[in-house]
Amino acid sequence: MRIATWNVNSIRSRVDRVTAFLERHDVDVLAIQETKCREDQFPALELSSMGYEYVHVGLNQWNGVALLSRVGLDDVATSFADQPTFGDPAVVEPRAVGATCGGVRMWSLYVPNGRDLEHEHFTYKLEWLDRLRADAAGWLAADPDAQIALTGDWNIAPQDDDVWDMAAFDGKTHVSAPERAAFASFVDTGFSDVVRPHAPGPGTYTYWDYQQLAFPKKRGMRIDFVLGSPALAARVEGAFIDREERKGKGASDHAPVVVDLA
């Protein structure tokens, strides 16, 4: 079984790249972030014609998450328990969707960016992660053998090797101590980064800004992850980051992350 996660930065703009990626890599389940569209705008026909079921949660041109699966899509959840709200009026943003696919509980997660260390969005980010971790801990406590994949754009670079230059991020989000502690709390709960052993750093990234020739200059960040429960991690036999998808006209600013399960 092959699972993947990808922040596509607009599914409508990149549906052709998504369908080509699914076919080229023979992906069974794909978690998507930043769909940037409403339910009625999601390109369902193109994906359904390839044999994929899907669930999508989106409100407007911001955020949005989806799961595509050709191995089943059961017990769908469009948020996790007590998922925080944000905005005025306050809403549960479309940042999390879960479903059981081929026996694996898949979550597509788009963690809040945080904006800057003094912004209310940063407080929201930390609260969002804390509540997700509490929920995830409950899932493992209820079933230690559960196969769970927390996949998506975490908007955190948990290690210094995960950014091209730590000095460039001094005093900024994504690398702050509270964010890294929040990421580490998932590891302490029992989840593990199942990709890093197969795609070690330094210089291994999943995101490159569109500005200032960041991609050709190799000025990237590693912020997209698959965190697996112990039972899922035991099945991982390979993983890679498809850096080629960051190349060419119409590319997302993120690269897909792919995991193979025995």
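**Side-chain pairs up close**

Modeller: Let's start with Glu 93 and Arg 95, whose side chains form a salt bridge at 2.7 Å, N to O (a side-chain nitrogen of Lys or Arg within 4 Å of a carboxyl oxygen of Asp or Glu). Both Glu 93 and Arg 95 are buried, where buried is under 20% relative accessible area, exposed is over 50% and partly exposed is in between (1.4 Å probe, protein chains only). Keep in mind that this is a predicted model, with local features needing pLDDT of at least 70 and side-chain atom pairs pLDDT 80 or more, while totals for chains, interfaces and linings use all residues. Numbering runs from 1 along each chain as its sequence is written, and side-chain values use heavy atoms, without hydrogens or water.

The salt bridges number 15. Take Arg 24 and Asp 242, paired at 3.4 Å, N to O. Arg 24 sits in helix H1 (residues 11-25) and Asp 242 in the loop between strands E13 (236-241) and E14 (257-261), so this bridge ties together parts 218 residues apart in sequence. (Helices, H or I with at least four residues, and strands, E with at least two, are DSSP runs numbered from the N terminus.) Arg 24 is partly exposed at 48%, whereas Asp 242 is buried at 7%.

Asp 28 and Arg 70 do something along those lines, bridging at 2.8 Å, N to O. Asp 28 is in the loop between H1 and strand E2 (29-33), and Arg 70 in the loop between strands E4 (65-69) and E5 (74-77), 42 residues apart. Here Asp 28 is buried at 13% and Arg 70 partly exposed at 35%. Shared partners also join Arg 17, Arg 24, Asp 242 and Glu 245 into one salt-bridge network.

Now for the rings. There are nine aromatic pairs, meaning rings of Phe, Tyr and Trp (its six-membered ring) with centres within 6.5 Å; planes under 30 degrees apart are stacked, over 60 edge-to-face, the rest tilted. Phe 80 and Trp 128 have centres 5.0 Å apart and planes at 85 degrees, so they are edge-to-face. Phe 80 lies in the loop between E5 and E6 and Trp 128 in helix H3, 48 residues apart. Both Phe 80 and Trp 128 are buried. Trp 208 and Phe 215 are edge-to-face too, at 5.0 Å and 90 degrees, and both are buried. Finally, ring pairs link Trp 154, Phe 183, Phe 186 and Phe 225 into a cluster.
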